[in-house]
Each structure stands twice: as structure tokens, then as C-alpha cells.
Amino acid sequence: MKYLYLSLALLLFACKAPQPISQQANTPKVVEPPKPVEIVCALKGCKDSLRLMQFEGIYFRTLQSFALTNDTVRFTLPRTEARFLYIGTNEKDKKAVLIGNEDKIVFSGNCNSIRVAKVTESPLNEMYEQSMMKTRQNNIEMNSAVRLLQRNFNNLEKRQEAIAKIQLVDQKKRALLDSIRQQNPFVARVTAIDSYQSFFTDSAGYQNEVLHYANTFFKNTDLTSSDYNGIPYLFEGFKNYTQTLASVRLPKEQMMAFVDSLLIKVPKDSRAYRYALGGTAVGLQSKNHPAFLEYGKQFTDRYAADKSLAIEGLKQQVVAAQSFVVGAQAPDFTLKTPDDQALSLSEMKGKVVLVDFWASWCGPCRKENPNVVKLYNKYKDKGFEILGVSLDRQKKRWLNAIEADGLEWKHVSDLKGWSSSAARLYSVSSIPHTVLLDREGRIIARNLRGEMLHQELKKLFGE
């Protein structure tokens with residue numbers, strides 16, 4: 001790894017006759033403007049103009065466009081604080097470039113694969129690339145160790161082996177962060193976002209992994225630092241953080257408490273706040289978490305002046321999400337039953353209905369089915385009904401699973417898998433996914449399973 005060397009300026013003194021004091025005071029001091037940063041782009045096969053882009057929290061804004069002459073374009077940027085910009089032909093085909101205090105950066109490759117373009121003659125970008133490469137490798141090893149733990153949780157020997165691997169990766173992450181901190185504080189800010197130490201390495205007095213993760217994920221990230229105004233990767237940090245907590249069905253109030261405790265550390269008038277708030281909104285929306293409504297609205301209200309299509313799209317998602325909040329009328333849909341008869345959700349008004357999104361190939365769904373069968377048998381004579389919405393593609397497998405699991409309630413499907421019209425209508429991104437409705441078709445709660453579903457039904461039916 002190369003280090004970023006700072007050049008030392010030499011002061012040259014000439015022998016001159018001393019000037020009178022008054023003349024010295026009146027002589028203006030000449031301050032040379034800082035030399036701009038030169039960017040050289042050498043890209044083959046470009047059919048479109050090349051763009052220099054900046055991330056705006058949920059979308060990319062084009063700062064400049066360039067036509068390549070003989071596969072090359074040169075331009076300059078003013079020297080500012082270190083920051084990330086993006087070079088590419090569009091928002092999807094781009095690569096991040098770290099602009100620092102260097103005189104020149106060379107960006108080379110092919111327009112058919114800009115994501116793997118090389119950034120050379122820049123020790124700063126080389127350091128960043130090596131840090132991210134090691135971070136990605138650490139994440140791959142961590143995911144492998146976690147899967148090993150999940151598969152062998154009841155096997156003491158294998159479990160200890162998996163935990164040891166997790167702790168080893170944590171050690172590598174700490175060593176990487178310490179090394180980068182000694183070399184360049186700005187690049188270390190990026191590395192810190194991916195430096196979470198697992199519950200098995202440092203439980204920090206928390207009772208379980210969820211609380212530990214929620215409270216310590218950003219432990220090594222100084223969210224008050226102005227450096228994060230130039231680090232769009234903060235968006236990814238908040239997105240990953242909220243997606244993970246949403247995946248474990250963290251309640252809305254608890255989710256907001258954790259997120260707000262982090263956002264309060266970021267200056268609200270900063271670009272870093274835009275990244276953090278945008279990552280939060282997108283992460284929650286991807287998991288259809290009820291807290292999305294709050295943070296999506298905050299983002300669109302705060303940055304409405306941008307007038308971008310992305311923000312207008314987020315506004316529409318917020319409006320759609322309002323249909324799914326507790327107390328809202330559940331959107332109606334019509335699908336075919338196993339005997340090819342049309343059945344609408346609205347036909348079931350008058351009963352407490354559990355809309356259960358599942359599939360024959362979904363292991364967690366099949367594992368949950370015995371519990372749902374038990375609750376259905378207990379409350380069906382009191383006005384409880386279930387509408388199973390299958391995300392299967394093969395009718396035979398769907399019907400076999402219904403019979404094998406003893407699912408005696410109503411079922412519908414369009415046999416389109418994840419493209420199910422009902423699943424898209426309800427923004428279902430993972431299964432099992434449930435929506436509990438009252439007798440008027442209004443939403444009582446989402447994603448109730450196991451004991452939580454049992455307790456809610458006990459309240460509704462008085463026992």
C-alpha cells in the first residue's frame with residue numbers, strides 16, 4: 001500500500017535592501033490560487049457523453065457532461081475538502097472517485113464496464129480501493145461464518161467453530177481500521193462504517209444480538225465529523241443498518257428511537273444528514289417497515305426544492321405507504337382460488353381476516369403453518385378467517401403444500417411468484433408476511449407471527 005505524501009514547499013529568500021516600515025506595510029501580499037485537480041479520462045468504446053455526478057441522498061445529479069475526443073477527455077476541478085464524485089455514462093453505470101489534494105487523477109477503462117475502470121496516479125484512491133477490497137473480503141468471510149453458525153446452532157462443537165471464525169473476522173476489521181487511521185483519516189471514515197464488531201466479540205452488556213447491533217453498529221463512526229459531507233457511503237451504512245433491524249421485525253417505535261438517536265448526531269444542515277436520512281428511508285422502504293412513512297416524508301419535505309424525479313417517486317411511495325398504516329383501509333385485490341374461481345379480499349368483510357403471504361418453497365412459511373393452523377382452529381368459529389396468498393409458480397406444488405400442511409382456510413394465487421399482483425400491491429419483499437384486518441377491512445397490524453399473533457387474536461376475541 002502506498003502512502004499519501006504531502007509535498008513540502010521550499011522558501012527562497014533573496015537579498016534586498018530593507019524597505020521603510022511604511023512601504024512594507026503598504027505592500028500587498030500576493031496569494032497564489034490553489035492549483036486545480038486535473039482529471040484525465042481515457043475510456044474506450046464510449047457511445048454516450050461522459051458524466052461527472054454527485055450523489056444527492058437518493059439520486060445522482062449530473063455536474064458536468066463531456067464528449068470524448070479520441071477516447072479521452074481532460075477537465076479540472078477546484079481543490080476542496082476531500083470528497084467522492086462519480087464518473088460514468090449514467091446513474092447505473094458509474095464508478096466512485098475520491099477527489100483529494102492531489103494534482104492529477106487518471107481514470108481509464110472501457111465504457112462497457114465502467115464499474116471496473118482503474119483509477120491511477122492517485123495514492124489516495126489506491127488506498128481507498130485497497131481498503132474497500134479488504135472490507136468486501138471481510139464481509140464475505142463474515143457471511144460465511146454466520147451461515148455456518150445458523151446451520152449448526154444446536155451442534156456445540158460446530159457452533160464454537162463458527163463463533164471463532166466470526167471473532168477472527170472482527171479482529172481483521174479492527175486491524176484494517178487501525179491501519180487506515182494511521183495513514184489517512186478521511187479514508188478511515190469510510191472504513192469505519194463497515195467496522196461493526198459482533199455480539200460474540202464484544203457483547204458490551206447487551207442482552208441479545210439485536211440490541212447490541214442497534215446500539216453499536218456505528219460505534220466506530222464519528223457521525224459529527226464534517227468529513228462525512230463528502231462520503232456518500234454513509235447512505236449505505238444507514239440503509240444496511242435499517243434493513244437489518246427491519247428484517248428482525250423491530251417495532252416502529254423502537255426503530256425510530258434507535259434511528260433518531262443516530263440522526264441527532266448529524267448536523268441537519270449538512271450533506272451528511274441528507275445521506276443518513278436518505279439511507280434510512282430507502283432501507284425501511286425496501287423492507288416495507290412502517291417507520292418508512294415517517295422518514296420518507298421527512299426526506300421529501302426537507303429536500304422538496306430539488307424538484308427531482310427521484311424525490312417525486314419517493315413522495316408517491318410515501319402516499320402509497322399511507323394506505324398500509326394501522327387503521328387504513330386495506331387495498332382490495334382479486335385472485336383465483338385453487339378451483340379457478342375469482343375471490344376478492346373485500347368479500348371477506350365482516351370477519352377478522354389474516355392475509356397470509358407464503359409459498360410452498362418457503363421454509364419459514366411452512367415452519368410457521370402449524371402455529372397458524374392451531375390459531376385458525378381456535379378462533380374460526382368466533383369470526384376469524386385466513387386468506388392465504390401464494391407466491392408459487394407451479395399449481396401442483398401449491399396444492400400439495402396446502403394438503404400436506406392441513407391448511408383448511410381460503411387460498412388464492414396468480415402463480416406469478418414474486419411478480420404476484422397482490423404481493424406487489426402490498427409491497428411484500430419477504431415471506432412469510434401477514435396483514436391482520438378488522439371486520440371492516442381496516443389494517444390492525446402487519447407481520448404478526450407466532451406468539452405475537454396469538455396475543456393479538458386473544459385481545460380481539462376476548463380470550
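**Disulfides, cores and a buried glutamate**

C46 and C111 form a disulfide, with their sulfur atoms 1.6 Å apart; a disulfide here is a pair of cysteine sulfur atoms within 2.5 Å. Before going on: this is a predicted model, in which local features need pLDDT of at least 70 and side-chain atom pairs count only at pLDDT 80 or more, while totals for chains, interfaces and linings use all residues. Residues are numbered from 1 along each chain as its sequence is written, and side-chain values use heavy atoms, leaving out hydrogens and water.

Back to the first pair. C46 sits in the loop between β1 (37–44) and β2 (50–55), and C111 in the loop between β7 (104–110) and β8 (118–120), so the pair links distant parts of the chain, 65 residues apart. Helices (H or I, at least four residues) and strands (E, at least two) are DSSP runs, numbered from the N terminus. The link is right-handed, with 70 degrees about the S-S bond. C111 is buried at 8% relative accessible area, whereas C46 is partly exposed at 21%. Buried means under 20% relative accessible area, exposed over 50%, and partly exposed in between, with a 1.4 Å probe and protein chains only.

The count comes to two disulfides. The other joins C362 to C365, S to S 2.3 Å, and both of these cysteines are buried. What about C41? C41 is in no disulfide, and the nearest cysteine sulfur, that of C46, is 8.9 Å away.

Next, the cores. A nonpolar core is a set of buried Ala, Val, Leu, Ile, Met, Phe, Trp, Tyr and Cys residues joined through side-chain atoms within 4.5 Å. The largest has 61 residues, and those touching the most other members are F84, L234, F238, Y241, M255, L263 and Y295. Helix α8 (residues 271–286) gives the largest share of this core, seven residues. Apart from it lies another core of 47 residues, including W409 and I431.

Y295, leaving aside neighbours within four places in sequence, is in contact (heavy atoms within 4.5 Å) with residues including M256, L263, L277 and L284.

E368 is in helix α11 (residues 363–379). A polar atom of the E368 side chain does lie 2.9 Å from the backbone nitrogen of G450.

Terms used
Polar contact = N/O pair within 3.5 Å; in protein donor to acceptor, adjacent residues only side chain to side chain.
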